Amino acid sequence: MREKELRFALICYGGISLAVYMHGITKEVWRLAAASRAFHDGAASTGSGAVYRDLLTDIAARSNVQLRVLADIVAGASAGGINGIFLARALATGQSLDPLTDLWLDSADVDKLIDPDARPLSAATKFWAVPIAGWMMKKRGNVIDRTVGAGAQDEVRAKLSRFVRARWFEPPFGGETFSNLLLDAFDAMEQGPRGPVLVPDGQPVDLFVSVTDFAGYSVPLALNSPGRVIEDEHRLMLHFREDSRTGARLDDVPGLTAAARATASFPGAFPPFTLRELDRVLETRGIAWPRRDTFIRTQLPAVSESDPADRVLIDGSVLANAPFRPAIAALKQRPARREIDRRFVYIDPKPDYRSISFGKPVAEGAARLPGFLATILGALSEIPREQPIRENVEAIEGMSRRIRRMQHIVDAMKVEVEEQVAALFGSTFFLDTPTVARLEKWRAKAQDQAALRAGFAYAPYGHLKLSAVIEELASLIDRLLPPEGAVHQANRRQALWDEARARGLDRISGKRGAGASGDAIAFFRTHDLGFRIRRLRFLARELDIAVEATRDGRDPVCEDMREAIFTALGLYLDRQGDAWLADLDLPADAGPGDWIDAVAARRDLTAIDGQADALIAAALAAMPKDDRRTLLLAYLGYPFYDIATLPLLQGEGFDEFDPIKIDRISPSDATAIRSGGAAAMLKGIEFNSFGAFFSRAYRENDYLWGRLHGADRLIDIVASSVGGEKGLSADELKAIKRRAFHAILDEEVDRLPKVAGLIAELRGEIG
């Protein structure tokens with residue numbers, strides 16, 4: 001049975017109190033990933049997870065495709081940033097998101113969030129605000145009457161009264177209170193149930209959290225005239241990673257708390273965040289932060305004459321409410337063990353609802369103009385947060401176009417390349433049993449002939465490879481021995497290029513412009529890790545598409561071949577990671593040549609080539625003759641493909657060889673139960689998206705809709721991964737969704753007593 005991975009890069013927008021709604025959605029993403037793991041492990045699932053597992057089973061029976069679903073890239077801002085942090089940690093560690101639900105429902109409340117120093121001490125506090133608030137709340141047709149159910153109106157009025165009597169001209173919510181709640185959440189996950197890790201072994205999980213540096217930090221900008229200027233940058237992207245290959249872990253709880261607290265510091269509601277605040281909270285709770293210095297060095301750009309503990313960070317959605325860009329960058333060098341269906345899935349809690357309304361017409365038939373406060377709030381808050389994501393979508397589509405173009409080129413070249421390889425080795429070549437010695441000799445001959453036959457096209461290809469190796473070495477040195485500043489970093493990079501030229505590597509072509517020069521061949525043999533990784537990934541893809549796709553069922557020979565490919569790939573990936581080179585014994589004043597030679601010696605790629613050849617040769621020898629011929633043509637012909645496709649991909653190379661699709665999850669898209677968007681279903685959109693902070697009933701309502709909408713859209717997305725004649729019909733999808741909705745209602749009915757009436761209504765609507 002053919003295996004395929006449906007991978008999510010999840011983008012979580014900001015939404016203030018709609019964080020509770022997004023918690024419901026991310027909980028379904030987590031349950032889907034857990035159900036996928038259970039499906040492949042032969043384990044059971046419960047609740048909506050059982051429906052997802054049955055969906056994957058049905059897809060396998062219909063299409064002969066075992067679909068694995070995982071989320072390996074998570075990026076978020078503000079409320080979405082908090083949810084993204086907890087989801088990424090659950091995916092990477094196997095911890096449960098269930099313990100967070102009660103914390104969201106109980107603690108995301110205005111009475112819990114108000115700073116103790118800001119709470120009204122008596123009924124006389126800000127006495128003059130009481131009649132104003134009372135009049136606003138009792139006025140006929142007021143917002144509470146219009147939007148709050150009768151059972152929750154008294155609660156909302158009481159909490160709103162206390163809120164408006166809190167301190168003014170200072171944030172009403174407490175920063176340390178918020179930090180303590182976040183630490184409580186991490187504790188709850190740590191003490192809760194734990195299952196298996198929800199990504200395959202060796203698959204990294206990348207987490208990006210956007211924050212805004214209030215004062216900004218200086219970054220150099222190269223111009224023609226003047227040559228260099230300094231700009232202030234305020235966008236800051238915090239990056240955390242779980243990667244078993246490099247030893248990176250998503251376990252720095254104080255660092256994750258700092259990211260969550262900073263990204264959700266909504267201006268005016270929460271005080272700006274500083275590390276000094278978190279230091280006080282950690283000291284009070286008796287929690288050590290051994291990686292504090294590492295967090296400062298890696299996450300906060302250096303600012304001269306400034307204590308990092310005093311850096312002021314505010315809400316991430318001020319400048320980057322939809323952090324697509326870092327998620328796109330994370331696509332480079334993703335492991336790809338099988339066919340990939342990559343989706344960018346973004347959660348937008350209210351795409352069809354505007355918190356700021358326009359004013360009255362200035363004259364009969366004239367355009368409506370915004371009022372004074374609406375203009376200010378729109379300019380400072382709403383417009384930046386709702387800026388369209390068109391540029392990000394266009395960037396993703398550009399990547400997809402290049403990948404599709406590459407696929408067309410490879411398909412068009414296949415017949416010619418296979419003919420050239422067959423002619424190169426003779427008709428009896430495929431009758432020989434592959435051995436380590438033969439495979440090494442065949443590889444060398446194929447690479448040499450591909451370079452020669454490329455003619456003048458080899459030079460730009462070779463320079464791209466050289467550039468990739470030198471830039472990778474420069475980045476590696478910067479990580480192992482951080483530079484003292486931008487100038488030092490630029491000088492070191494230039495020194496590496498000077499060393500490469502001194503070794504004759506700028507003359508990449510051989511005599512008469514044909515093939516590669518001897519110096520280039522020797523350099524690539526000891527340093528070109530990227531080519532080896534790309535070749536093995538290409539071989540894995542050919543195994544999947546050209547060999548396994550012809551099978552009617554599971555074939556142990558193909559599984560052994562895949563195991564050999566990825567064991568060999570692991571040998572190279574290990575040497576790509578920083579951990580493999582962490583013990584390089586080089587002095588601080590080592591020159592670029594010393595670094596180049598030391599990295600080559602430590603990686604010892606020529607020795608690893610022998611181990612990889614042994615694995616591949618043994619697996620090929622066990623395959624039927626026709627399949628062995630297909631894979632040998634792909635493996636030995638890869639240099640021909642690489643020369644054609646690497647320039648197209650601008651020297652970067654993609655590990656996921658399939659176009660990228662974009663999906664959205666929002667109230668406007670999840671229409672299986674009700675239509676009408678956020679206004680028809682969510683309560684947290686009121687009070688400029690602060691509504692769910694004022695009522696437990698609001699939060700229960702939005703959390704429940706989040707789970708239902710998440711299930712609705714995720715079932716659509718999973719089903720779309722295997723379409724065509726073997727896909728699910730519209731009626732079958734409706735039946736699956738109906739089961740998932742009822743499973744969610746059954747799970748939540750006891751937890752959500754404030755919305756018992758809504759649950760009864762929904763059961764009738766779902767049918």
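Predicted model: local features only at pLDDT ≥ 70, side-chain atom pairs only at ≥ 80, totals over all residues.

The protein chain has 767 residues, and 53% of them count as buried. Its secondary structure comes to 30 helices and seven strands. Looking at contacts between residues at least 6 apart in sequence, 79% join residues at least 24 apart.

Now for helix α30, which covers residues 756-766. Which of its residues are buried, and which are exposed? The table sorts them out.

| Group in α30 | Residues |
|---|---|
| Buried | Leu758, Ile759, Leu762, Ile766 |
| Exposed, on the other side | Ala760, Gly764 |

Seen down the axis of α30, the buried residues fall within an arc of 100°, so they line one face of the helix. The general rule behind this kind of pattern is that an α-helix has 3.6 residues a turn, so residues three or four places apart point the same way. What do the buried residues of α30 pack against? Their partners are α28 (696-720) and α29 (730-748).

Finally, hop over to alanine 302, in the loop between α12 (292-299) and β5 (313-314). Alanine 302 counts as exposed because its relative accessibility is 77%, and the cut-off for exposed is over 50%. The C-alpha atoms of alanine 302 and serine 218 are separated by 8.8 Å, though these residues are 84 apart along the chain.

Terms used
Residues numbered from 1 in each chain as written. Heavy atoms only, no water. Buried < 20%, exposed > 50% of the residue type's maximum accessible area, 1.4 Å probe, protein only. Helix = DSSP H or I, 4+ residues; strand = E, 2+ residues; numbered from the N terminus. Arc of directions from axis to C-beta. Contact = heavy atoms within 4.5 Å.
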